[in-house]
Amino acid sequence: MKVSNCGYDYRHEASYMAERPFGSVGHILMILRSPARILLNGEMHYTKGNSVILYRKETPQFFYAHNTEFVNDWVRFDLDQEDFAFLERIGVQFDTIMEHQDVYALSRLVKLLFIEKQSGSPTAEESMILLLRLLFLKLSDYCFQKQVISSKLSEKLAVLKNNIYSNPQNDWSIDSICQSMSISPSYLQHKYKQLFGNSIKSDITESRIQYSKWLLTNTRNTVAAISRMAGYANEVTFMYIFKKKTGLTPTQYRNSPDPYLE
């Protein structure tokens, strides 16, 4: 691992664009501290100013300022096979945009790299190698923490989905769910759909419709009572949603010769 150059707190105008279709001399670790657009693998990505990308030297580089001053830190370096194995072992990936909650912590390490580069110290080169390895380790730590958090959240969401279908009559309002899980509504709905392929609201509706179908065909309860048992605040809402989902009113469904074939 050998650092050839680095830059700290580089600033460009809002019209800034970098286009390097043939990559660069050496691999580059770039820390984006301002909103930016990045063209990667034929797809345009937007970052909010909290991202890191590790370019292989042969990877085309296209990145642009996005409506504001472009601010970044960067390190250019060379790697040997042992270094590639090190990065693979700690899970730091090339040519991937990695969001980071605290890019300024990484920036401080680049600043120390920059200071060592300018110092002329006989130990500067060794110090820069250690700082670069530490930078990669800190990046790896954050990526691992995100994976752990994501894994724990996936387990919680799986339990939530099971509870929704097991207890459709419960109050499954988004606000009450978010309060119990201590997460925001937008994050809950995004992660739920990402994990299961459908929205949490659609699963709540589906669980209640399935349960109401069972009640209609296996009990003599009134439609009004069934609407309450299925978790609906009023009969009108229940009847509207039931017909929208099944094509039949609750009474039509109950009186059909074989309701499971509708």
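The legends below describe close-up views of a predicted model.

In this predicted model, local features need pLDDT of at least 70 and side-chain atom pairs count only at pLDDT 80 or more, while totals for chains, interfaces and linings use all residues. Residues are numbered from 1 along each chain as its sequence is written, and side-chain values use heavy atoms, with hydrogens and water left out.

Strand 8 covers residues 70-78; strands here are DSSP runs of E with at least two residues, helices are DSSP runs of H or I with at least four residues, and both are numbered from the N terminus. Seven of the nine residues of strand 8 are buried, where buried means under 20% relative accessible area, exposed means over 50%, and partly exposed lies in between (1.4 Å probe, protein chains only). Strand 1 (residues 2-12) pairs with strand 8 in the antiparallel sense over eight bridges; two strands pair if DSSP finds at least two bridges between them. Strand 3 also pairs with strand 8 in the antiparallel sense, over six bridges. W74 in strand 8 stands opposite G7, and W74 is also the bridge partner of M30.

**View B. The surroundings of D73.**
D73 is found in strand 8 and is buried, with a relative accessible area of 0%. Leaving aside residues up to four places away in sequence, D73 touches G7, Y8, D9, L29, M30, I31, R33, S107 and V110; contact means heavy atoms within 4.5 Å. The side chain of D73 makes a polar contact with the side chain of S107 at 2.4 Å. A polar atom of the D73 side chain also lies 2.6 Å from the backbone nitrogen of D9. A polar contact is a pair of N or O atoms within 3.5 Å; within protein, one must be able to donate a hydrogen and the other to accept it, and residues adjacent in sequence count only if both atoms are side-chain atoms.

Side chains of opposite charge can pair when their charged atoms come close. A salt bridge is a side-chain nitrogen of Lys or Arg within 4 Å of a carboxyl oxygen of Asp or Glu. D73 forms a salt bridge with R33, and their closest N and O atoms are 2.9 Å apart. This pair links distant parts of the chain, with D73 in strand 8 and R33 in the loop between strand 3 and strand 4 (36-40), 40 residues apart. Both D73 and R33 are buried. The side chains of D9 and R11 meet in another salt bridge, at 3.2 Å from N to O. D9 counts as partly exposed at 27% relative accessibility, and R11 is partly exposed with a relative accessible area of 46%. A network of salt bridges links D9, R11, R33, E69 and D73.

A search of the whole structure finds six salt bridges. One of them joins the side chains of K161 and D203, at 3.6 Å from N to O. The pair links distant parts of the chain: K161 is in helix 3 (residues 124-166) and D203 is in helix 6 (residues 200-218), 42 residues apart. K161 is partly exposed, with a relative accessible area of 22%, whereas D203 is buried, at 5%.

**View E. Strand 6, covered on both faces.**
Five of the five residues of strand 6 (residues 51-55) are buried, so the strand is largely enclosed by the rest of the structure. S51, I53 and Y55 lie on one side and V52 and L54 on the other. Strand 3 (residues 27-32) pairs with strand 6 in the antiparallel sense over five bridges, and V52 is the bridge partner of I31. Strand 6 also pairs with strand 9 (residues 97-99) in the antiparallel sense, over three bridges. Here S51 stands opposite E99.

**View F. The two sides of helix 1.**
In helix 1 (residues 81-90), D83, F86, L87 and I90 are buried. These residues cover an arc of only 95° around the axis, so they are on the same side of helix 1; the arc is that of the directions from the helix axis to the C-beta atoms. The face turned away from the buried side carries the exposed residues Q81, E88 and R89. At the start of helix 1, a side-chain oxygen of D80 reaches to within 3.1 Å of the backbone nitrogen of E82. Just after helix 1, G91 takes a positive phi of about 80°.
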